[in-house]
Amino acid sequence: MFRGPLTGEAAACPAIGSQRGSPGDETWARCAASGSRRPGRRPSHCGSPLLLWHTATASGRGWIDGGSPTEGFLAHVAVGPMESTFHVWAGAAWAYWLFMLGLLGVGLALTAGVALRLAALAGTLMMALMWVAEWPPAQHLSDGSASMSTNPFADYHLVYAVMLIALAAVSAGDMFGLGRLWARLPVVRDHGWLR
């Protein structure tokens with residue numbers, strides 16, 4: 001739940017896992033006004049879809065309760081060349097398992113400082129798909145309304161992707177993590193892409 005900036009009352013954010021959210025309802029408007037630049041874009045205060053930290057996901061609708069972490073976002077993609085593809089993927093079990101396992105893998109690799117090349121590749125692919133889902137170059141959504149995009153190219157997905165690549169390129173895990181120990185493992189020594 002979050003406090004709507006317009007009314008100060010608690011409201012659910014339909015951009016994550018809600019079955020109700022549509023661009024016409026009042027809750028959607030509050031969510032959009034609170035930082036969501038377009039339908040399907042999760043406001044920054046919505047937090048983790050798994051642990052429900054500071055999220056607007058209603059109790060009992062999280063992934064651990066059987067909810068879909070991809071459905072709310074992908075079902076509301078309203079622009080871009082892959083709009084229909086993302087709508088098909090929305091709520092598919094394979095999509096949310098890949099998404100959640102990808103987040104877990106990238107997060108663990110970055111935290112431990114191991115397998116940074118693989119994490120950079122997987123993370124960059126995830127960021128690229130999220131960038132395409134939001135499609136910042138669009139000035140208008142599919143329904144003709146303004147997209148509210150303020151930058152036609154760079155957004156946080158591209159910044160994160162560049163940072164992932166930079167961390168892998170400089171072997172940041174060697175200095176700040178378990179990268180050196182990881183590099184000594186025979187399988188990693190024999191397969192450089194696992195560094």
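This is a predicted model: local features need pLDDT of at least 70, side-chain atom pairs count only at pLDDT 80 or more; totals for chains, interfaces and linings use all residues.
Visitor: How many salt bridges does the structure hold?

Guide: The structure holds one salt bridge. As a general idea, side chains of opposite charge can pair when their charged atoms come close. Here the partners are R195 and D174, with 2.8 Å between the closest N and O atoms.

Visitor: Where do R195 and D174 sit in the chain?

Guide: They link distant parts of the chain, 21 residues apart. D174 belongs to helix α7 (residues 172–176), while R195 lies in the segment after α9 (186–190).

Visitor: Is R195 buried, exposed or partly exposed, and why?

Guide: The call rests on relative accessible area: buried is under 20%, exposed is over 50%, and partly exposed is in between. R195 has 24%, so it counts as partly exposed.

Visitor: What about nonpolar side chains on the surface: which residues form a patch?

Guide: Look for W97, L101, L104 and L108, which together have about 430 Å² of accessible area. L104, one of them, is found in helix α4 (residues 93–112). With a relative accessibility of 48%, L104 is partly exposed.

Visitor: Let's zoom out. Which elements does the protein have, and how do they run?

Guide: There are nine helices and two strands. Starting at the N terminus, the order is β-β-α-α-α-α-α-α-α-α-α.

Visitor: And how much of the protein is buried?

Guide: Of its 195 residues, 41% are buried.

Methods
Residues are numbered from 1 along each chain as its sequence is written. Side-chain values use heavy atoms; hydrogens and water are left out. Helices (H or I, at least four residues) and strands (E, at least two) are DSSP runs, numbered from the N terminus. Buried means under 20% relative accessible area, exposed over 50%, partly exposed in between (1.4 Å probe, protein chains only). A salt bridge is a side-chain nitrogen of Lys or Arg within 4 Å of a carboxyl oxygen of Asp or Glu. Patches are made of residues with over 30% relative accessible area and no salt bridge: like charges are joined within 9 Å, nonpolar side chains (Val, Leu, Ile, Met, Phe, Trp, Tyr) within 5 Å. Accessible areas come from the Shrake-Rupley method with a 1.4 Å probe; for residues, only the protein chains shown count as cover.
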